[in-house]
Structures are given as structure tokens and as C-alpha cells.
Amino acid sequence: MKISRNKVIELLYEIRKTIYQNIDLQLYFDSEYSENNTEQTESEDFCNGVSNGFLSELIHAISGYEIEVTGDVENLFICPCCEYKTLSEKYDMNEGTGYDICPYCKWEDDGTLDINKRSSVNRGSISDYRKRLKLNPNKYYIDKWFK
């Protein structure tokens, strides 16, 4: 069964809205998590740049249906820290643009490229962030974005 990327994202957004309206998720979270992370994201861009394979696996996990997601993936920029394509815009000092925060490694793109240079915005270096990722990799994200 095939489904377009746009339809999958629309479906996931509807599932998300239904869950927030009908299920008290705080009942399932550890108390420390539920106190600090109960905010719902309203935007539909939570799937920007993710691989079609990741979307297929997500729909399969939710519904049990095996589907093939078709369509082009949004073209994103490479995060200077984790090197995944996760950023919607590239830092540009002259334009004053960028400063995207990578949803995987949480690095804020402030133009720092030297992996050992401390970034005041990020309170550490790219090397520090990469060490943290090695110690605590989030297996959920393994196939989510492209390198």
C-alpha cells in the first residue's frame, strides 16, 4: 500500500490532535517528566526532513499497516554538530539569519565550526555535544534524518 508523504504528515497531525484531546498522557509519564514536558506543539512541521522510511515505520507502529511513503523529502541543511540534515536555514552572520536548533543533538547553529571552540550560546563545544551523544544516543532517531 502506498501513501503520499503529505497525507502521512496530515494523518500524523490528526492522530496527535486526537491523542491530546482524548487521552491524559500525564497518567503514563514519570512524574518528573509530566511536570516539565506537557506542552503540545501545534505546528505540522514536526516531520520536516525526516526520511520516508521513518514515516513508514511510525505509521506501522501506530496502526499496524505496512505502507510505503512516497514523495520528496524537504531539503534541509546539515547540523554542524551531529551532521544530520535537520536545519531549516543555515547560519549567516551577514544576514543575521539562522540560529536553528537541531532537534536531534540540540545544538544551536551559531556559526561555530571549530569542534573544540566553546560556543557561548550552546554553553560548550561541538566536541562536548558529540561526546554526550555517544554516551546517550537516542535510538528512536537513528533513521529519522539523512546524513
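Where is the place of Y28? Y28 sits in the loop between α1 and α2 (31-36); helices (H or I, at least four residues) and strands (E, at least two) are DSSP runs, numbered from the N terminus. The model is predicted, and local features need pLDDT of at least 70, side-chain atom pairs count only at pLDDT 80 or more, and totals for chains, interfaces and linings use all residues. Residues are numbered from 1 along each chain as its sequence is written, and side-chain values use heavy atoms, with hydrogens and water left out.

The protein chain has four helices and four strands, in the order β-α-α-α-β-β-β-α from the N terminus on. Of its 147 residues, 31% are buried, where buried means under 20% relative accessible area, exposed over 50%, and partly exposed in between (1.4 Å probe, protein chains only). Contact means heavy atoms within 4.5 Å; among contacts between residues at least 6 apart in sequence, 50% join residues at least 24 apart.

The largest nonpolar core has 23 residues. Such a core is a set of buried Ala, Val, Leu, Ile, Met, Phe, Trp, Tyr and Cys residues joined through side-chain atoms within 4.5 Å. L55, C79, C82, Y104 and C105 touch the most other members. At least two residues of this core come from each of α1 (5-22), α3 (52-63) and α4 (126-135). Leaving aside residues up to four places away in sequence, C79 touches Y84, T86, L87, C102, C105 and W107.

In α4, the buried residues are I126, S127, Y129 and L133. They lie on the same side of α4 because they cover an arc of only 160° around the axis, taken from the directions from the helix axis to the C-beta atoms. K131 and L135, on the other side of α4, are exposed.

Back at the surface, Y28 counts as exposed because its relative accessibility is 65%. I23, L27, Y28 and F29 make a nonpolar surface patch of about 460 Å². Accessible areas come from the Shrake-Rupley method with a 1.4 Å probe, and for residues only the protein chains shown count as cover.

The loop between β4 (85-87) and α4 holds K106, and R123 lies in the loop between β4 and α4. K106 has a positive phi of about 70° although it is not a glycine, and is partly exposed at 49% relative accessible area. R123, also not a glycine, has a positive phi near 55° and counts as exposed at 69% relative accessibility.

How values were computed
Patches are made of residues with over 30% relative accessible area and no salt bridge: like charges are joined within 9 Å, nonpolar side chains (Val, Leu, Ile, Met, Phe, Trp, Tyr) within 5 Å. A salt bridge is a side-chain nitrogen of Lys or Arg within 4 Å of a carboxyl oxygen of Asp or Glu.
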